[in-house]
Amino acid sequence: MSFLDLIAALGRQWMVSIAGLLATAALVWGAAAAEPPVYTARALVLLVPSEQVVGKGGNPFLALGGLDLPARVVVAYYESDSAKAQFTSGSPDAEYVVAIEESTRGPVIAVDVTDETPQRALETLDQLTSSIPVELRRLQEEVDAPENAIVSTLVLAKDEQAEADTSGTVRMLIAAAGVGLVGTIVGAVATDGMRRSRLRRRRPVTGPPVLTPPASKTPDSGPPWNNPAPDSRDRRRDDTPARAATAEPW
């Protein structure tokens with residue numbers, strides 16, 4: 001079916017087309033309600049080496065080597081089920097990811113939070129960011145690390161405003177609109193095809209005209225004076241013996 005035939009079918013079945021468009025609008029609205037935009041916030045936390053490693057008057061940024069392992073220990077803790085249950089208890093819809101920031105070579109921990117409202121996203125981000133130095137110190141104290149060897153943290157960056165993420169909503173809207181439009185086109189074309197099929201069945205079948213040969217006619221014999229009596233000669237032949245029998249003998 002060509003594009004023009006498709007447009008013609010949609011025009012003929014305009015009631016089906018309108019109903020399909022209304023159903024598509026309802027699907028789009030339902031998709032937008034089912035998948036609203038979410039809000040994200042992000043923070044970067046740097047692990048700072050201990051006083052023992054830096055030394056008196058040293059620069060902590062020049063002694064960041066060797067802190068990759070403590071950073072991964074912290075990340076592993078925040079990815080545990082117990083930690084997730086603890087830090088998302090205030091907002092059941094909150095989700096977070098604590099991971100090593102791969103774009104840097106230093107011991108930088110990235111905290112990404114997603115929630116349904118910007119306020120909750122920022123609250124969860126603050127809670128996680130402030131808990132990282134506490135949990136890092138607790139983990140070190142559990143292994144009896146000396147005070148001058150305790151690794152600390154430094155917040156490099158933290159979002160003050162959450163950003164809206166509409167990627168999931170857009171995907172749902174596109175999917176809903178695609179399903180609705182395809183259903184509308186298929187319904188209109190199918191209805192138009194069935195209607196045209198019924199019309200063809202109701203229409204009387206007319207074949208090619210039957211040619212009847214003309215009736216044979218007796219050839220015209222012309223005017224009567226041109227046609228002598230058909231039996232005049234025969235009558236003369238038949239009368240000859242009779243005249244001969246009645247003639248007188250010489």
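What follows is a run of questions and answers on this predicted model.

Q: Why is Thr24 called buried?
A: The relative accessibility of Thr24 is 8%, and the cut-off for buried is under 20%, so Thr24 counts as buried. Thr24 sits in helix α2, residues 14-34.

Q: What does Thr24 touch, not counting residues up to four places away in sequence?
A: Its contacts are Ala177, Gly180, Leu181 and Thr184. The side chain of Thr24 also reaches the backbone oxygen of Gly180 at 3.2 Å.

Q: Why is the Tyr77 and Tyr78 pair called edge-to-face?
A: Ring centres must lie within 6.5 Å to pair, and planes over 60 degrees apart count as edge-to-face. Here the centres are 5.2 Å apart and the planes are at 75°, so edge-to-face it is. Both Tyr77 and Tyr78 are buried.

Q: What makes the Tyr78 and Phe87 pair tilted?
A: Under 30 degrees would be stacked and over 60 edge-to-face, with tilted for the rest. Tyr78 and Phe87 have 35° between their planes, at 5.3 Å centre to centre, so the pair lands in the tilted class. Tyr78 and Phe87 are both buried. The count comes to 2 aromatic pairs, and ring pairs link Tyr77, Tyr78 and Phe87 into a cluster.

Q: Which residues have the most contacts inside the largest nonpolar core?
A: They are Tyr78, Tyr96, Ile109 and Val111, in a core of 29 residues. Two or more residues each come from β1 (38-48), α4 (68-78), α5 (81-87), β2 (95-100), β3 (108-115) and α6 (118-142). The biggest share is from α6, with 6 residues. Tyr78, leaving aside neighbours within four places in sequence, is in contact with residues including Tyr96, Val98, Leu128 and Ile132. In soluble globular proteins, nonpolar side chains tend to be buried together.

Q: How do you know that the length of α6 agrees with what a helix should span?
A: At 1.5 Å a residue, its 25 residues should span 36 Å, and the end C-alpha atoms are 36 Å apart, so the two agree.

Q: Where does α6 kink?
A: The kink is at Ile132, about 35°, shortly before the proline Pro133. Just after α6, Asp144 takes a positive phi of about 60°.

Q: What do the buried residues of α6 pack against?
A: They pack against β1, α4, α5, β2, β3 and β4 (152-158). Among these buried residues are Leu122, Leu125, Leu128, Ile132 and Leu136, along with Glu135 and Gln140.

Note on methods. Residues are numbered from 1 along each chain as its sequence is written. This is a predicted model: local features need pLDDT of at least 70, side-chain atom pairs count only at pLDDT 80 or more; totals for chains, interfaces and linings use all residues. Side-chain values use heavy atoms; hydrogens and water are left out. Helices (H or I, at least four residues) and strands (E, at least two) are DSSP runs, numbered from the N terminus. Buried means under 20% relative accessible area, exposed over 50%, partly exposed in between (1.4 Å probe, protein chains only). Contact means heavy atoms within 4.5 Å. A polar contact is a pair of N or O atoms within 3.5 Å; within protein, one must be able to donate a hydrogen and the other to accept it, and residues adjacent in sequence count only if both atoms are side-chain atoms. A nonpolar core is a set of buried Ala, Val, Leu, Ile, Met, Phe, Trp, Tyr and Cys residues joined through side-chain atoms within 4.5 Å. The expected span of a helix is 1.5 Å times one less than its number of residues. The bend at a residue is the angle between axes fitted to the seven residues ending there and the seven starting there. Rings of Phe, Tyr and Trp (its six-membered ring) pair if their centres lie within 6.5 Å; planes under 30 degrees apart count as stacked, over 60 as edge-to-face and the rest as tilted.
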